[in-house]
Amino acid sequence: MNQLKIALLQIAPCGTLAENLEKGIACCRKAKELEADVALFPEMWSSGYRIYDRPAAQWMAEAISIDGGFVTAFGELAQELDMAIGITLLEAYEPAPRNTLVLFDRFGQRKLVYAKVHTCDFDTERNLTPGEDFYTVRLDTACGAIQVGAMICYDREFPESARILMLKGAELILVPNACPMEINRLSQLRARAYENMLAVATCNYPETVPDCNGGSSVFDGVAYLPDREGSRDTCILQAGGEEGVFLAVLDVEQLRRYRAAEVQGNAYRHPGKYGLLVDTGIAEPFIRDTYRP
């Protein structure tokens, strides 16, 4: 594998599931025209992430099955186009819906189902069922195989999300998103790529969608090159606010050489000293006391 082409579908949703299906298919076809190997949708494309301006019962009723026609249509399209597709949806699930990504490979096979682990429980997403784990899969693309994992939006706020995916072998993390991508959130994505020596591809809604501003991005995680003084900018794509299909070209062989030689990721960790990170018995007052001047 050498050049992996990733299409970020920074597009605005329509008013109905059927319209989102039609527009999503058209945009995938556009991605294929750009010779993309992978196409990624923004968060919860089936409903356009319209969960903040309506009662929870109303938007929860719009949940759909991962085995239903909306999702399977993208599996069939992936096979037709010989292109992997990461489609997102409000998934029908018990006891409550999930915020989900389904990744199809270029043969139309469902390779990954990931539900958002860090749901935004400080707001209306508290009505969702969180995912249980982070997963990686070997994704066969037209230019070779790559190990892929996923996060969704707020997952990015937790370094553990990307760290676990790195430890499970991820070379590329796909990140559907629905929020303003300002300097601090972009810095988080840059950091996740740098500290784990992997690529992070984030697809957001355009600025015409409430509380979103485009800014879809890809960070390749390669901070240093042998023939270059100092560090380099790991950002290989930064979209503006407008609607569109944006293509990034990821040099996978360069990333693999870098991972084999450099010192981030799992190279010099001391996991035996990180017990506090997984100690669920630590109370909030203790944390405050720890940092009191």
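User: With which residue does the side chain of Thr-119 form a polar contact of 2.6 Å?
Analyst: The model is a predicted one, in which local features need pLDDT of at least 70 and side-chain atom pairs count only at pLDDT 80 or more, while totals for chains, interfaces and linings use all residues. Residues are numbered from 1 along each chain as its sequence is written, and side-chain values use heavy atoms, with hydrogens and water left out. A polar contact is a pair of N or O atoms within 3.5 Å; within protein, one must be able to donate a hydrogen and the other to accept it, and residues adjacent in sequence count only if both atoms are side-chain atoms. At 2.6 Å, the side-chain partner of Thr-119 is Asp-121.

User: Is Thr-119 buried or exposed?
Analyst: Thr-119 is placed in the loop between S5 and strand S6 (136–141). Beyond its neighbours within four places in sequence, Thr-119 is in contact (heavy atoms within 4.5 Å) with Glu-125, Leu-128, Pro-130 and Tyr-154. Buried means under 20% relative accessible area, exposed over 50%, and partly exposed in between, with a 1.4 Å probe and protein chains only. Because its relative accessibility is 4%, Thr-119 counts as buried.

User: Which strands stand at the edges of the sheet, each with a single partner strand?
Analyst: Strands (E, at least two residues) and helices (H or I, at least four) are DSSP runs numbered from the N terminus, and two strands pair if DSSP finds at least two bridges between them. The open sheet has 6 strands in the order S5-S4-S3-S2-S1-S12, with mixed pairing. The strands that have a single partner, so that one side of each lacks a neighbour in the sheet, are S5 (110–115) and S12 (244–251).

User: Which strands of the sheet does helix H3 touch?
Analyst: Within the sheet, strand S1 (residues 3–10) pairs with strand S2 (residues 38–40) in the parallel sense over 3 bridges, and Ala-7 stands opposite Ala-39 in S2. Helix H3 (residues 69–81) packs on the sheet, its direction making about 180° with that of S3; axes are lines fitted to C-alpha atoms, for helices over the stretch in contact, and angles run from 0 to 180 degrees between N-to-C directions. The strands touched by H3 are S3 (84–91) and S4 (98–104).

User: How many of the residues of S4 are buried?
Analyst: In a regular strand the side chains alternate between the two faces of the sheet. Arg-98, Thr-100, Val-102 and Phe-104 point one way from S4, Asn-99, Leu-101 and Leu-103 point the other way, and all are buried. S4 is largely enclosed by the rest of the structure, because the buried residues number 7 of the 7.

User: In what sense do S4 and S5 pair?
Analyst: Leu-103 stands opposite Leu-112 in S5. The two strands form a hairpin with 5 residues between them, where Gly-108 takes a positive phi near 80°. Over 5 bridges, the sense of pairing between S4 and S5 is antiparallel.

User: Which peptide bond is cis, with omega near 10°?
Analyst: S3 and S4 pair in the antiparallel sense over 7 bridges and form a hairpin with 6 residues between them. Pro-95 is found in the loop between these strands. The cis peptide bond runs from Glu-94 to Pro-95.

User: At what angle do helix H4 and helix H5 pack?
Analyst: H4 (residues 159–167) and H5 (residues 183–196) have their axes 10 Å apart. The contact is made by Pro-159, Ala-162, Arg-163 and Met-166 of H4 and Arg-192, Glu-195 and Asn-196 of H5. These residues divide into 3 nonpolar, 1 polar and 3 charged, where Ala, Val, Leu, Ile, Met, Phe, Trp, Tyr, Cys and Pro count as nonpolar, Asp, Glu, Lys and Arg as charged, and the others, Gly among them, as polar. The packing angle is about 35°.

User: What is the relative accessibility of Leu-165?
Analyst: Leu-165 is placed in helix H4. Leu-165 counts as buried because its relative accessibility is 0%.

User: What is the relative accessible area of Asp-82?
Analyst: Asp-82 lies in the loop between H3 and S3. Its phi is near 55°, a positive value in a residue other than glycine. Asp-82 is partly exposed, with a relative accessible area of 28%.
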